[in-house]
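Please look over the sequence and the model shown here, and then follow the paragraphs below with both in view.

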Amino acid sequence: MKLELTYRETAGKSAGFWVLLGGLGLLVAIALGATLYMEHEGHHVTGMSNQIIWGMPHVFAIFLIVAASGALNVASIGTVFGKALYKPLGRLSGLVAMALLMGGLAVLVLDLGHPDRLIVAMTYYNFKSIFAWNIMLYTGFLAVTGIYLWMMMERKMNKYYRPAGIVAFIWRLILTTGTGSIFGFLVARQAYDAALMAPMFVIMSFAYGLAVFILVLMAAYKWTERPLGDAILYRLKNLLGVFIAAVLYFVMVYHLANLYATEHHGVEAFILRDGGIYTKLFWIVQIGLGSLLPLAMIYHPTIGKSRPAIITACILVIIGAFAQLYVILIGGQAYPLEMFPGYEVVESSFFDGGVNTYSPSIWEIMLGMGGIALAMLIVTVAVRVLRFMPETLDDATVDPHAAKSV
Amino acid sequence: MSENRNEIDQYRRRFLTQTSAAAAAASIAPGVFLTTPAVAKPDDQGVTNEKRWGILIDTHKCANGCTSCVTACEEENGWGSANPSESHSDETQKAQWIRKVSLKEKSTGHVVSLPLMCQHCETAPCVDVCPTGASFKRADGIVLVDKHICIGCRYCMMACPYKARSFIHEDLKDQKPWAPRGKGTVESCTMCVHRVDKDGTPACVEACNAENHKAMFFGDLYDKNSEISQQLREHGGEQIRADLGLNTGVRYRGL
């Protein structure tokens, strides 16, 4: 059956709209202020050092970049896998994906020692560097998704939208493979150097991106007073459950493989048992609050049907995501480089052999929050000026067949 | 006129004596001198891969508590105690091009002391991962950072197995002309490339010799007659994290 859908811009006249816009704008302005301060003073005002090289900005940036590719999944399921139910969400999915990526890239670039040399990063390429490949994958993603959106939204181009969707889907898989490989290719550090990082990041993107997308969808429909039916919402939250379980599986395989190899016992003991904040973040926040609790909530026969519970589950998944990335990034660097097997370091002026400490500065967090705000600002403005959101997503419109059974 | 002729004759005579002496020295030198001194390229020629500069560190001779090599590097390249302008960065943020590390073997309690710096790997992870190519290796094996195209992403620091690289966390003053240090870029040991290119020896090696410890040898790893090659051939030498197969230019003995 052909879906008769009307997409319409949001009215954007309410006080709430302007408050939202103003609030997000303020967060972006604060982030720019923090960046100016950090770049003017130098990174000594941050918590980052020559021991903890990448810090809070990278946690935010990688969350946003990984979530971006995941947010596109909703469109891909409709276009590539032909699931009719997801098709009305395609435009919003593409938009959220692009917005998240822009937010993430902004944070990543503004944390550079030389953001002013962005043009250098665009003109000098070392093709052996996975980082250089990522620069191309990120800009390419924006282009590919942009074209995909155009073909979805422009009636004359509709006939090409499936091939465009397939390209975008493949591109996003390669992109997250690239992001995971930033860590997977680091042979020097005990916590990284695993091919599994690439598929694990892909599956993490599924969960993170969908959690963000569900929240954006629910907020957008609630605030614009458009109907959002249970059929589509329950389908999405059930899918989120599958993705959470898949992430858990990959995390388990990663740690099991490391636990088997004696050379990795040190780093495993650090993350899983002795790592203080990292151990707590791993077990309590990432596994407990960020995975098991939302999983239980989503599949609970009654709680799973409550909208506040679905919102809570999505927020928990995002909190868990930040914990997971913090443990991977900061925990992985806090554990010392193992340079001298069989020896212990008695003395070093450069903190060899010791666990490195890190406390993020307020500037780094401001910059990271600004990235999230920028992404949301882009979505808010885009749905106001272009037709991304169907007027209604009630059960009868979305899936008349499912509507009867819900 | 005759005076003039005499002068020319003198020139000729001097020329002939000097060239024949040089020729004689050159022909018997390999026999007389057991090692050939490190010879660098003339200024107007590019670096070639006919040489591979390296440093051998004999940990048996490296004195526990001695930091002459570190101090010499600081003074030569203007960092650490030799550059008070790096005052806002805390100890974890300050740059360190070379450091002394003391190790104790867990099973025997044997204590080893050694200097640790950029290992100038043949297949350097920092060079592989650098997105712009700012991190590069010269044909003669010296790994450097091009400060003009370093964007300060610090991926090289993530990739280095030796924590040899430092990021500059603030504006610095009083820099050495041969070792520019810019806020927001990454730096590390240059093997005193400015000295090496002028037939010199890295400051750390020189300082170690001056202390009479003679724990460090600098030279061309490809030259079979160089002291470093002879030492390595005779006594062997280990690489830190040899498991990574990076073929480092800095080698250790007694590790």
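What order do the strands have in the open sheet of 3 strands? The order is E2(A)-E2(B)-E3(B), with antiparallel pairing, where strands are DSSP runs of E with at least two residues, helices are DSSP runs of H or I with at least four, and both are numbered from the N terminus. This is a predicted model, in which local features need pLDDT of at least 70 and side-chain atom pairs count only at pLDDT 80 or more, while totals for chains, interfaces and linings use all residues. Residues are numbered from 1 along each chain as its sequence is written, and chains are lettered from A and ligands numbered from 1 in the order in which they are written.

E2 of chain A and strand E3 (111-117) of chain B stand at the edges of this sheet, each with a single partner strand, so one side of each has no neighbour in the sheet; two strands pair if DSSP finds at least two bridges between them. On average, and with direction ignored, neighbouring strands are turned by 35° against each other. Helix H2 (residues 68-77) of chain B packs on the sheet, where it touches E2 and E3 of chain B, and its direction makes about 160° with that of E2(B). Such angles run from 0 to 180 degrees between N-to-C directions, and axes are lines fitted to C-alpha atoms, for helices over the stretch in contact.

The pairing across the two chains joins strand E2 (residues 343-348) of chain A to E2(B) in the antiparallel sense over 5 bridges, with A:Ser348 standing opposite B:Val101. The contact between the chains takes 45 residues from chain B and 40 residues from chain A, two residues being in contact if their C-beta atoms, placed from the backbone, lie within 7 Å. On the side of chain B that touches chain A, the largest share, 7 residues, comes from E2(B). By class, this side of chain B has 20 nonpolar, 13 polar and 12 charged residues; here Ala, Val, Leu, Ile, Met, Phe, Trp, Tyr, Cys and Pro count as nonpolar, Asp, Glu, Lys and Arg as charged, and the others, Gly among them, as polar. Chain B has 7 helices and 9 strands.

Turning to chain A, the axes of helix H8 (residues 197-223) and helix H9 (residues 230-260) come within 9 Å and cross at roughly 150°. H8(A) and H9(A) are therefore roughly antiparallel, since angles over 145 degrees count as roughly antiparallel, those under 35 as roughly parallel, 65 to 115 as roughly perpendicular and the rest as oblique. Their crossing is left-handed, as is said when the near helix is turned anticlockwise from the far one by less than a right angle, clockwise being right-handed. The residues of this contact divide into 18 nonpolar, no polar and 1 charged.

H8(A) also meets helix H12 (residues 307-334) of chain A, their axes coming within 9 Å and crossing at roughly 140°, which makes H8(A) oblique to H12(A). H8(A) passes H12(A) in a left-handed crossing. Among the residues that meet are A:Ala207, A:Tyr208 and A:Ala211 in H8(A) and A:Ile310, A:Ile311 and A:Cys314 in H12(A), and the contact divides into 13 nonpolar, no polar and no charged residues.
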